[in-house]
Amino acid sequence: MAKKTKVGILTGGGDCPGLNSVIYGIMLKAFDAGYECVGILKGWKGFLENITIPLNIAEHDDLHTVGGTLLYTSRTNPFEPIKKAKSEHEKEQLKKEISEKMLAQFKTLGIDALIVIGGDDTLGVADTVCKKTNAKIIGCPKTIDNDLLGTDYTFGFWSAVQLASNSMDNLTTTARSHQRIFVVEVMGRDAGFLTIYSGISSGADIILIPETPFDLKKHIVEVLQRRVRAGHKYHIIACSEGAYPTQESLEKDFQTISKETIDNLPKDPFGNPLLNKLNMSQILVEELKLRDELAKEFEKNDANFECRSVVLGHTMRAGTPNSFDRILGLRLGLHAMKLVIDNEFGKMVSLRGEEIKALPLAEGAKKKYVAPDGDIVELRNLMVKIRYKSREIE
Ligand code: F6P
């Protein structure tokens, strides 16, 4: 019997609802076309260290309905050594050496092609290896953050939006009972898609995202004062974990943190700041408590002045994917496998309108942000402002 072509699959970066859907989509097409799938465990770590499992489709019925990733994941960066390079030349040389070693790993792993499912960091690694060697790699964009330029939506995003929106809907009842301010921290490292979509969906009263740095006094303290004067007794602030104050506000308004606090945050292997160590929602709670003018305004208007922070964190990536993400994941998996069959390597699959298209892999490593002049930011601004303005006595 002829040897079957073997396709390795790996998942890297933070996990995300829909990863298993992509894997199942790949397996469906691979089985039908007579290819064999091999699971590479723990992202690039398993790739470098030969940690694999056989993927037999008969054992995985309905895998697309299950959250998380069957293949485990990690934030291992094979190119980490280049951080120590002293010149551009040395950097390029190291990139080439590491890429060649990675190409040799295909043989060790016994795979003919590789499908990499990951965000900008994981796909960035795949892109470099493809540029420096003739490795047969296909990418599939993944992140709950939705911050990849190459695709209209990433799978996992809408599941995470729904979870965050449900949490904020739920927090409203306890906020109302206690007449409290809740600062709800929403994942999304560099981009505010998760925060602005879930914040608008659940009707949050203030929504803070990285793309539009906030002024503590103008965008939070004064809005809360006007809201309380207009009769509002509880307030939900949706705050992206990566939302920052403007430089000016950081210097003039903040008493508990400085620019150094943000600059000196520890980083992950890809150099991304570990934002959970910052905890912006708790910082805001501490800062608000220090504002006497706010306490006075609340008292004058017979409202409690109590603040709490809630970090939604990993609950947003947890659980099963919604139907949209299951279908999107399956379609991306199907098309990724089709690219393998057609020998179209160095590409990634992408949602464009209603269709799944193939784009250069490099597109998957490019970042996308909420457009500050787009309709979603306009909606946010209107929702926040009209809430108190419409109740103010002229
Ligand atoms: O990149 C996706 C993401 O979910 C970010 O929104 C968040 O900052 C990060 O992962 C958290 O990563 P970890 O699971 O390593 O704490």
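This is a predicted model: local features need pLDDT of at least 70, side-chain atom pairs count only at pLDDT 80 or more; totals for chains, interfaces and linings use all residues.
Figure 1. Strands β6 and β8 run parallel and are joined by six bridges. Both belong to an open sheet of four strands, ordered β7-β8-β6-β9, in which the pairing is parallel. At the edges stand β7 (206-208) and β9; each has a single partner strand, so one side of each is left without a neighbour in the sheet. On average, neighbouring strands of this sheet are turned by 15° against each other, direction ignored. Helix α5 packs on the sheet, where it touches β6, β8 and β9, and its direction makes about 160° with that of β6.

**Figure 2. Helix α5 and its buried residues.** Helix α5 comprises 22 residues (157-178). From its first C-alpha to its last, α5 reaches 32 Å, close to the 32 Å expected at 1.5 Å a residue. The buried residues of α5 are Phe157, Ser159, Ala160, Val161, Ala164, Ser165, Met168, Leu171, Thr172 and Ala175. Just after α5, glutamine 179 adopts a positive phi of about 55°.

**Figure 3. Surroundings of the ligand.** The residues around the ligand are Arg75, Ile144, Asp145, Met187, Gly188, Arg189, Glu241, His314 and Arg317. Polar side-chain atoms of three of these residues are shown with their distances to the ligand. For arginine 75, a polar side-chain atom lies 2.7 Å from an oxygen atom of the ligand. In the side chain of glutamate 241, an N or O atom is 2.4 Å from an oxygen atom of the ligand. For arginine 317, the distance between a side-chain N or O atom and an oxygen atom of the ligand is 2.7 Å.

**Figure 4. The seven-stranded mixed sheet.** Seven strands form an open sheet in the order β3-β2-β1-β4-β5-β10-β11, and their pairing is mixed. The edge strands, β3 (52-55) and β11 (355-360), each pair on one side only. Neighbouring strands of this sheet are turned against each other by 25° on average, direction ignored. Within the sheet, β4 (residues 113-118) and β5 (residues 137-141) run parallel, joined by five bridges. Isoleucine 117 has cysteine 140 of β5 as its bridge partner.

Figure 5. Helix α12 lies across β1, β4, β5, β10 (347-352) and β11. Relative to β10, α12 runs at about 145°.

**Figure 6. Aspartate 120 in helix α4.** Aspartate 120 is found in helix α4, which spans residues 120-132. The relative accessibility of aspartate 120 is 17%, and because buried means under 20%, aspartate 120 counts as buried. Leaving aside residues up to four places away in sequence, aspartate 120 touches Leu148, Gly364, Ala365 and Lys367.

Notes:
Residues are numbered from 1 along each chain as its sequence is written. Side-chain values use heavy atoms; hydrogens and water are left out. Helices (H or I, at least four residues) and strands (E, at least two) are DSSP runs, numbered from the N terminus. The expected span of a helix is 1.5 Å times one less than its number of residues. Buried means under 20% relative accessible area, exposed over 50%, partly exposed in between (1.4 Å probe, protein chains only). Two strands pair if DSSP finds at least two bridges between them. Axes are lines fitted to C-alpha atoms, for helices over the stretch in contact, and angles run from 0 to 180 degrees between N-to-C directions. Contact means heavy atoms within 4.5 Å. A residue is near a molecule or strand if one of its heavy atoms lies within 4 Å of it. A polar contact is a pair of N or O atoms within 3.5 Å; within protein, one must be able to donate a hydrogen and the other to accept it, and residues adjacent in sequence count only if both atoms are side-chain atoms.
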